Amino acid sequence: MTAALRTVALGKRYGRQWALRDCTLEVPAGRVAALVGPNGAGKTTLLHLAVGLTAPTAGGVEVFGLAPRARPAEVLPRVGFLAQDQPLYRRFTVADMLTVGRKLNPRWDDALARDRLARLGLPLDRAVGKLSGGQRAQVALALALGKRPDLLLLDEPVAALDPLARREFLQVLMESAAEGLGVVFSSHVIADLERVCDYLIILARGRVQVADEIDRILATHKLLVGPRRDPEAVASVHHVLRCTHTGRETTLLVRTNGPVWDQGWEVHDLSLEEIVLAYLGQPSETQVAARDHEEVSA
């Protein structure tokens, strides 16, 4: 089956600064993928490249096997995109926005969009600018879903919403995903992502740190606790993400490459949040180089 989103060595540079670099990943069709990373990690850049809003500096990106900038007429009707700032015409009524959606999208499903809004009690005759932030987000989501896309790309759609509005937004999203819609969902709120996503992409320092099914990520990342020792033996087999020492104890957070056979280690499961924070807390290449320089100088 053709991947919903596939990138190979994808990169985007603005001047001398790389916003995204050497990004290689594959999101299977029909998955709900979480895209996680700190501000400036390249999340928005990746989504803009996926819909053809910007051109790659290096590598390539495909949506359902097609390059979005080379084949926009074939790609864009299959993709819904909801930007972080939810760009809507504030002076238009909700009904006006539905009319815009109908006129611009060949696969438009007016009944679906209207039903989504009716279930939330959103008045069609109200100006978009007079809606609350949560209501505007729901209108934007209804417009994106009304396209009847095969893939929905969401860039921090719930960042400014209160807990109730966020829950309502995610409920509509989960219902759509249950019908087979593929989603790539960028957010900082890890608890929300655990509820709706089954695939995880972690971006940090402009690069992909991990991209896999959430169940497999949870199964392969472990916390090892044992008597204080050098982690070299573990690091020769597994990838050590974090190492801490106390007076008598060593704690390692690792991505395993199989069972941990050394019985001197207690092996503990990790939460998704602990795993994400471990990757986001990794030092940058600049920090590593500076640290190495200090050690050599010393």
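A residue is called partly exposed when its relative accessible area lies between the limits for buried, under 20%, and exposed, over 50%. All views show a predicted model.

**View 1. Salt bridge between E62 and R6.** The side chains of E62 and R6 form a salt bridge, with an N to O distance of 3.9 Å. Because E62 belongs to strand β4 (residues 58–63) and R6 to strand β1, this contact ties together parts of the chain that are 56 residues apart in sequence. With a relative accessibility of 35%, R6 falls in the partly exposed class. E62, with a relative accessible area of 30%, is partly exposed. The pair is one of 17 salt bridges counted in the model.

**View 2. Salt bridge between E213 and R31.** The closest N and O atoms of E213 and R31 are 3.0 Å apart, and the two residues form a salt bridge. Distant parts of the chain are linked here: E213 is in strand β9 (residues 207–213), whereas R31 is in the loop between β2 (17–27) and β3 (32–36), 182 residues away. E213 is partly exposed at 25% relative accessibility, and R31 is partly exposed as well, with a relative accessible area of 21%.

View 3. E74 and R71 are joined by a salt bridge whose closest N and O atoms are 2.5 Å apart. The relative accessibility of E74 is 39%, so E74 counts as partly exposed; R71 is partly exposed, with a relative accessible area of 36%. Elsewhere, salt bridges with shared partners connect R31, D212, E213 and R216 into one network.

View 4. Five of the five residues of β6 are buried, and the strand is mostly covered. In a regular strand, side chains alternate between the two faces of the sheet. From β6, L151, L153 and D155 point one way, while L152 and L154 point the other way; all are buried. Four bridges pair β5 with β6 in the parallel sense, and L152 is the bridge partner of G80. β6 also runs parallel to strand β7 (residues 182–186), to which five bridges join it. Within this pairing, D155 stands opposite S186 of β7. From β6 the chain passes through helix α6 (residues 163–178) to β7, giving a right-handed β-α-β crossover.

**View 5. The largest pocket.** The largest pocket holds about 630 Å³ of space. Its lining consists of 22 residues, and F81, P87, L104, N105 and K147 lie nearest the centre of the pocket. β5 (79–82), α3 (94–104) and α5 (133–146) are the elements that give two or more residues to this lining. By class, the lining residues are divided into 17 nonpolar, four polar and one charged.

**View 6. Positive phi at A9.** A9 is not a glycine, yet the residue has a positive phi of about 50°. A9 is part of strand β1 (residues 5–14). Its relative accessibility is 32%, so A9 counts as partly exposed.

**View 7. Positive phi at R148.** R148, which is not a glycine, has a positive phi of about 55°. The residue is located in the loop between α5 and β6 (151–155). At 37% relative accessibility, R148 is classed as partly exposed.

Notes:
Residues are numbered from 1 along each chain as its sequence is written. This is a predicted model: local features need pLDDT of at least 70, side-chain atom pairs count only at pLDDT 80 or more; totals for chains, interfaces and linings use all residues. Side-chain values use heavy atoms; hydrogens and water are left out. On a 1 Å grid over the protein atoms alone, a cavity is a set of points where a 1.4 Å probe fits but cannot get out, and a pocket is an open set with protein on both sides within 12 Å along at least five of seven lines; lining residues have an atom within 4 Å of a point. Grid points are joined across faces, edges and corners, and a volume is the space filled by probe spheres set on the points. Ala, Val, Leu, Ile, Met, Phe, Trp, Tyr, Cys and Pro count as nonpolar, Asp, Glu, Lys and Arg as charged, and the others, Gly among them, as polar. Buried means under 20% relative accessible area, exposed over 50%, partly exposed in between (1.4 Å probe, protein chains only). Two strands pair if DSSP finds at least two bridges between them. A crossover is right-handed if, with the strands pointing away from the viewer, the path from the first strand over the helix to the second runs clockwise. A salt bridge is a side-chain nitrogen of Lys or Arg within 4 Å of a carboxyl oxygen of Asp or Glu.
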